Amino acid sequence: LLYSVTGTLNLAHLSARIAALGGTEAAIAGSAGLMLLVVFAVKAALFPFYFWLPASYPAAAAPVACLFAIMTKVGVYAIIRVYPLLYGQDAGPNAALATPWLFAMAIATVLFGALGALRADTLRGLAAYLTILSLGTLFIVAAQGTVVSLTAATYYLVHSTAATAALFLIAEVVSRERGETADRLIPGPSLRHPFLIGFALALAAGAAVGLPPTSGFIGKVLVLQAVADGEFFWMPWLAVLVASFVALVAVSRSYSVLLWNTFEQRSERSTIGAARVASVGVLLALLGALIVGAGPLLQFSERTAQQVIDRHAYTRSVLDPRAIGNDTLESMPFIPGHRQ
């Protein structure tokens, strides 16, 4: 559809050509943009397209689920990459095409993610729904499409990836120590290493929920600050704060069941393994580094956001005759404003 009205699929060309469309062609380009939004929203597990994530993540092996926590952000990247560039504030009739849709889906994702965490019956399931919750929180600011909001989104993206990945790895350790009970949130055998696992779970879950002074707390403060000047700022504030409280209740319940509601284990327990401990330690260290290095990371995030927003700098760099050659430039018609 985009190719039919623009004659190209190059992002730099599309950025200029979509803004110059009008009438029926602009409507076709807008329809194509909304179809792409559905595709990216499925990949990013946004409401109502998150149905696949709660079932698939807990079913995967812990290292695979840990990688999934990164792969889901591909959908996030696609939306942040495409919509400010092709459907930004100066995209003509299609300006800010995705903003109202993303905003509504993000708030619904936050609320449904929190409710899912509350009803989770396994630690893996809890981690899966906390992943959905973090994605909704991320898109609340990503939908705004400003430098401030994308700065907060970039920081929160790194934090949420590390926190949820650590939870999946901790869930595997818990499963190995509880035998047949695995990571189900029911009374079971006492853990062989309760202090080590309890400490790791407290750090990872506390960061995922956003307890101070974790990186999750910093990220949520940035999120709330980024939307504070909006007309309906109370909606994301209410959604994030309520969802955070519900998630805290869900995490506290899980912690209580796994660490305290136990009985003596009589069967032989498997060992954790140095590699598993090291993997969890690396992710927890990353969460700590996000606190200590929050300043430099925010500076990097701000520069990244500025580059994403400045679509003209991107199109100039791609369409620079010195980079692509004058002959190639002559064969690329309909690039408004390029020749001057």
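Are Tyr57 and Phe168 buried or exposed? Both Tyr57 and Phe168 are buried, where buried means under 20% relative accessible area, exposed means over 50%, and partly exposed covers the values in between (1.4 Å probe, protein chains only). The model is predicted, so local features need pLDDT of at least 70 and side-chain atom pairs count only at pLDDT 80 or more, while totals for chains, interfaces and linings use all residues. Residues are numbered from 1 along each chain as its sequence is written, and side-chain values use heavy atoms, with hydrogens and water left out.

The mean pLDDT of the protein (pLDDT being the predictor's confidence in each residue, from 0 to 100) is 86, and 92% of the residues reach 70 or more. Over residues 323-340 pLDDT stays under 50. For this segment the model has 23 contacts beyond four places in sequence, a contact being heavy atoms within 4.5 Å. Where pLDDT is low, the predicted coordinates should not be read in detail.

Aromatic pairs were assigned to rings of Phe, Tyr and Trp (its six-membered ring) with centres within 6.5 Å; planes under 30 degrees apart count as stacked, over 60 as edge-to-face and the rest as tilted. By this rule the count comes to 10 aromatic pairs. In the pair of Tyr57 and Phe168, the ring centres are 5.9 Å apart and the planes stand at 65°, so the pair is edge-to-face. Because Tyr57 lies in helix 4 (residues 53-59) and Phe168 in helix 9, this pair ties together parts that are 111 residues apart in sequence. Helices (H or I, at least four residues) and strands (E, at least two) are DSSP runs, numbered from the N terminus. Phe233 and Trp237 also form an edge-to-face pair, at 6.4 Å centre to centre and 90° between the planes. Phe233 is partly exposed, with a relative accessible area of 36%, and Trp237 is partly exposed at 31%. One aromatic cluster is formed by Trp52, Tyr57, Phe68 and Phe168. A charge is also placed over a ring: the charged end of Arg81 sits over the ring of Tyr314, 4.8 Å from its centre. The criterion here is NZ of Lys or CZ of Arg within 6 Å of the ring centre and within 35 degrees of the ring normal.

The largest nonpolar core has 106 residues, and those with the most contacts inside it are Leu102, Leu130 and Phe139. Such a core is a set of buried Ala, Val, Leu, Ile, Met, Phe, Trp, Tyr and Cys residues joined through side-chain atoms within 4.5 Å. Helix 9 (residues 147-178) supplies the largest share of this core, 16 residues. Beyond four places in sequence, Phe139 touches Ala44, Leu46, Gly75, Val76, Ile79, Leu102 and Ala106. In soluble globular proteins, nonpolar side chains tend to be buried together.

Helix 7 (residues 99-119) contains Thr109, which is buried with a relative accessible area of 0%. A polar atom of the Thr109 side chain lies 2.7 Å from the backbone nitrogen of Phe47. Beyond four places in sequence, Thr109 touches Ala45, Leu46, Phe47, Ile132 and Gly136. Ala117 is also found in helix 7 and is buried, with a relative accessible area of 1%. With the same exclusion of residues up to four places away, Ala117 touches Leu126, Tyr129, Leu130, Ala250 and Arg253. The C-alpha atoms of Ala117 and Phe263, 146 residues apart along the chain, are separated by 25 Å. In helix 10 (residues 194-209) lies Ala202, which counts as partly exposed at 40% relative accessibility.

Backbone geometry was examined next. Most residues other than glycine have a negative phi, and most peptide bonds are trans. The peptide bond from Phe47 to Pro48 is cis, with omega near 5°, and Pro48 is found in the loop between helix 3 (23-44) and helix 4. Ala45 lies in the loop between helix 3 and helix 4; its phi is positive, near 60°, and Ala45 is buried, with a relative accessible area of 0%. A cis peptide bond also joins Pro212 and Pro213, with omega about 5°. Pro213 is placed in the loop between helix 10 and helix 11 (215-226). Ala182 has a positive phi of about 55° and is found in the loop between helix 9 and strand 1 (188-189). At 18% relative accessibility, Ala182 counts as buried.

Note on methods. Polar contact = N/O pair within 3.5 Å; in protein donor to acceptor, adjacent residues only side chain to side chain.
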